[in-house]
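My notes follow in the order I looked things up.

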Amino acid sequence: MKMKGTPIVILFLFITCTKEKNLNKQTSSALTYAVALDTAMIPLNDLGTGTFMGYTGGLYPGGANNASGQYASDLLAFSNSIVPIDKSGTPSSTGKVVFISLGASIGGRNMVALKAKTTNNPATNPNLLLLNCNQGSGFASLNDIMNPKSVYWLHVDGIVKQQSSYRQVQVIYLETDDSARVRFPGKPLIVKDHIDSCLRVIKQKFRNAKVVYVEARTRTFAGFQNWNKEPGPYYFGWACKWAVEDQINGVPGTQYKGPKPVAPMITWGFYEWADSLPRTTDSFYWRSYMTRDGLHATTEYQDTLALRFQKFLLTDPYASIWYAKH
């Protein structure tokens, strides 16, 4: 009986050990996959409740891509308060809704293309006045914008005062770069603080500024060997996300309402960062052939970005209040 039972015991032990080895391999593979996924650069709106380096994605807290709660109620109220005003900042039927852009060349090209699609468009608010206040060649980074005495503001002065006034500006589109050169999460945390500083300067200069829209930045490709190269642009999106969350969480120095607001509201425009595969949320993608130098879009695909931005402004439940014709 012992001789007959022994092979069975040995076989059972062999099967058990084999299963444990296979299970360990599967577990190890799953963990490796999870780690790899956690370090993959996935668009924030596709990442959702997933994580990157342990940080939850989504454009808003909790992996969400839409505003909610008190922040959403405030955004609605602020959007409804954007009406035509004159150069002194007084509501007027003959006034304008002045919408300006601040930052470097990438955002400036977006604003030029958006302005062309807005002017005399029967779908847009006829009282809109769009002004491109961006400046390329490294003169308009966040570091410049958050310094109220930088030469960049002389450039802004010349454009705003020629066609409008600082008190007439109510909406701002901010897209630029930042020279911080550290790893994640250090870089986006530094850039987030710089964005917060920019918002305070913007409120000081444009007392009637209600909302600042951020779009992060498009993915960049080979050709740039400075802070414009990846993963910098991807990290910039995280900085924008965390700057929005600062206001949602009531971080000191970001107050946008009450008797003494120190900043306008900050919210998302069209989130631009995408990889070569279409995003699951909106099918948007970005590839190297869409750029002329690895950074700036070609004329054709600049039009694509502007169309995406305009579609957002026309359909977003908050932006459409002041941008679309009613």
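I began with Leu 102, whose bridge partner in S5 is Leu 174. Strands here are DSSP runs of E with at least two residues, helices are runs of H or I with at least four, and both are numbered from the N terminus. S3 and S5 pair in the parallel sense over six bridges; I call two strands paired if DSSP finds at least two bridges between them.

Before going on, I noted that this is a predicted model, where local features need pLDDT of at least 70 and side-chain atom pairs count only at pLDDT 80 or more, while totals for chains, interfaces and linings use all residues. Residues are numbered from 1 along each chain as its sequence is written, and side-chain values use heavy atoms, with hydrogens and water left out.

S5 (169-175) and S6 (211-214) are parallel and share four bridges.

Next I checked S3 (residues 97-103) against S4: five bridges join these parallel strands. Val 97 has Leu 128 of S4 as its bridge partner, and Ser 101 has Asn 132.

**How covered are the strands?**

I asked which way the residues of S3 point. Val 97, Phe 99, Ser 101 and Gly 103 go one way, Val 98, Ile 100 and Leu 102 go the other, and all are buried. Buried means under 20% relative accessible area, exposed over 50% and partly exposed in between, with a 1.4 Å probe and protein chains only.

I also looked at S4 (residues 128-132), where four of the five residues are buried, so the strand is largely enclosed by the rest of the structure.

**Helices on the sheet**

H4 (residues 105-118) makes a right-handed β-α-β unit with S3 and S4. Right-handed means that, with the strands pointing away from the viewer, the path from the first strand over the helix to the second runs clockwise.

I moved on to H9 (299-315). H9 has 17 residues and reaches 24 Å from first C-alpha to last, close to the expected 24 Å at 1.5 Å a residue; the expected span is 1.5 Å times one less than the number of residues. Its buried residues include Tyr 301, Leu 305, Phe 309 and Phe 312. An α-helix has 3.6 residues a turn, so residues three or four places apart point the same way. The buried residues of H9 pack against S3, H4, S5, S6, S7 and helix H10 (319-323).

**Loops**

Where is Thr 291? I found it in the loop between S7 (265-268) and H9. Thr 291 is buried, at 10% relative accessible area. Its side chain reaches the backbone nitrogen of Gly 294 at 3.0 Å. Leaving aside neighbours within four places in sequence, Thr 291 is in contact (heavy atoms within 4.5 Å) with Phe 221, Trp 286, His 296, Ala 297 and Thr 298.

Ser 283 is in the loop between S7 and H9. Its phi is near 70°, a positive value in a residue other than glycine, and Ser 283 is partly exposed at 45%.

Asn 120, in the loop between H4 and S4, also has a positive phi, about 60°, although it is not a glycine. Asn 120 is exposed, with a relative accessible area of 78%.

I then went through the cis peptide bonds. The bond from Phe 184 to Pro 185 is cis, with omega near 0°, and Pro 185 sits in the loop between S5 and H7 (186-205). Another cis bond joins Glu 230 and Pro 231, with omega about 5°; Pro 231 is in the loop between S6 and H8 (232-248).

**Whole chain**

I finished with the totals. The protein chain has 10 helices and seven strands, and of its 326 residues 49% count as buried.

Methods: A polar contact is a pair of N or O atoms within 3.5 Å; within protein, one must be able to donate a hydrogen and the other to accept it, and residues adjacent in sequence count only if both atoms are side-chain atoms.
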